[in-house]
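I opened this notebook page to record what I looked up in the structure, one topic at a time. The entries follow below.

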Amino acid sequence: MMSRLLLSDSQRQTFERDGVLVIPGFYDLERDILPIQRGIYDIIGLVLDKYRLAVERAPFSAATFDSGYQDLIAANRSYGGEVYDAVKQIPAFVRLVVNQRHDQLLCELRGPSAIPGVAAGGYGIRIDNPGEDRFRAHWHQEYPAQLRSLDGLVYWSPLLVVSEEMGPVRFCLGSHHLGPVAVTSKEEDGRSAAYALVLHQEQKCIAPFTQIAPLTSPGDLVVVDFLVLHASGYNRAQRSRWSMQLRYFNFSEPTGRAHGWKGSYAAGVDFRDVHPELFTKQEGE
Ligand SMILES: O=C(O)CCC(=O)C(=O)O
Ligand SMILES: [Fe+2]
């Protein structure tokens with residue numbers, strides 16, 4: 001039997017209509033979020049010490065968990081890469097990834113036949129640095145980048161108060177109703193295969209939709225349909241934008257079941273081998 005429902009009927013209807021739903025205060029700050037922020041603070045400290053960077057850090061608090069990080073990447077950008085790879089291995093974060101309420105949300109949104117799966121390699125902590133556009137996500141649907149199943153969900157949640165200047169994620173409301181959209185690859189300096197994918201005829205594709213870019217705070221959860229079009233904003237603030245994303249899929253969805261719930265780039269698979277029909281060679285805009 002399912003425990004108390006997490007969503008109201010109107011929240012479920014909003015999600016079905018828009019493909020995206022903001023749930024304010026979904027997580028408990030003390031229990032769920034603070035230990036992750038503490039872990040990040042400690043890891044930044046270890047990397048600062050390792051490179052003998054004499055940086056004045058604020059004492060730890062929820063608001064100062066990234067203290068010293070801007071100095072760290074100013075000294076050498078690759079030190080930031082060490083932090084990025086490390087923080088997704090903080091136990092408190094991995095515990096949050098498999099929080100039972102994530103299974104329940106998927107079941108409430110996808111109905112009684114849904115069987116939740118955690119997308120392996122599909123969870124991490126983004127650090128979107130000011131003025132750095134190389135790792136920005138272009139307009140995309142999650143499905144080609146993750147595969148697993150067509151009707152997956154991204155759970156996106158910030159670790160700090162996201163301001164307009166930090167470039168909140170943008171969403172095209174209702175765009176999941178398009179179904180999977182063809183992508184093409186765009187050669188760009190320094191972008192790896194997964195980051196080089198762009199929508200075929202991007203501007204034409206996004207034009208019909210109203211966009212939102214919700215400003216969220218720690219504890220808030222943004223639930224994103226695997227087929228909704230979304231893109232990173234541009235961080236023009238002085239501070240990096242820290243956010244968690246984890247991805248769930250549905251074992252019982254036929255397309256995923258047919259391809260054996262394969263993963264995409266993070267699993268060493270080129271999605272074009274699984275869905276050749278979703279790749280178009282030429283940009284042709
Ligand atoms: O946070 C961002 O900038 C992009 C996030 C995204 O694309 C995702 O969570 O799937
Ligand atoms: Fe995404």
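I began with a loop residue: L147 sits in the loop between α7 (142–146) and β4, where helices (H or I, at least four residues) and strands (E, at least two) are DSSP runs numbered from the N terminus. I noted that the model is predicted, so that local features need pLDDT of at least 70 and side-chain atom pairs count only at pLDDT 80 or more, while totals for chains, interfaces and linings use all residues. Residues are numbered from 1 along each chain as its sequence is written, and chains are lettered from A and ligands numbered from 1 in the order in which they are written.

I read a phi near 55° for L147, a positive value in a residue other than glycine. Is L147 buried or exposed? I count L147 as buried because it has 28 C-beta neighbours inside 10 Å; the cut-offs are 20 or more other C-beta atoms within 10 Å of its own for buried, 12 or fewer for exposed, and partly exposed in between, with C-beta atoms placed from the backbone. W261, in the loop between α10 (254–258) and α11, also has a positive phi near 55° and is not a glycine. With 18 C-beta neighbours inside 10 Å, W261 counts as partly exposed.

Segment after α11. I found E277 in the segment after α11 (271–274), and E277 is exposed because 8 other C-beta atoms lie within 10 Å. The C-alpha atoms of E277 and D151 are separated by 18 Å, although the two residues are 126 apart along the chain.

Ligand 1. Which residues lie around ligand 1? I listed R126, D128, A137, E142, V154, W156, V169, H230, S232, S243 and Q245, a residue being near a molecule if its C-beta atom, placed from the backbone, lies within 6 Å of it. This shell divides into 4 nonpolar, 4 polar and 3 charged residues; Ala, Val, Leu, Ile, Met, Phe, Trp, Tyr, Cys and Pro count as nonpolar, Asp, Glu, Lys and Arg as charged, and the others, Gly among them, as polar. At least two shell residues come from each of β3 (124–128), β4 (153–158) and β11 (241–250).

Strand β3. I saw that β3 is mostly covered, with 4 of its 5 residues buried. β3 pairs with β11 in the antiparallel sense over 5 bridges, pairing being called when DSSP finds at least two bridges between two strands. R126 stands opposite S243 in β11, and both R126 and S243 are among the residues around ligand 1.

Helix α2. I then followed α2 (residues 29–50), whose 22 residues reach 30 Å from first C-alpha to last, close to the 32 Å expected at 1.5 Å a residue, the expected span being 1.5 Å times one less than the number of residues. Its buried residues are I33, I36, Q37, I40, Y41, I44 and L48, and these pack against α3 (69–75), α4 (77–87) and α5 (91–97). α2 is followed by R52, whose phi is positive, near 50°.

Whole chain. The C-alpha atoms fill a box of roughly 55 × 50 × 35 Å along the principal axes.

Terms used:
Contact = placed C-beta atoms within 7 Å.
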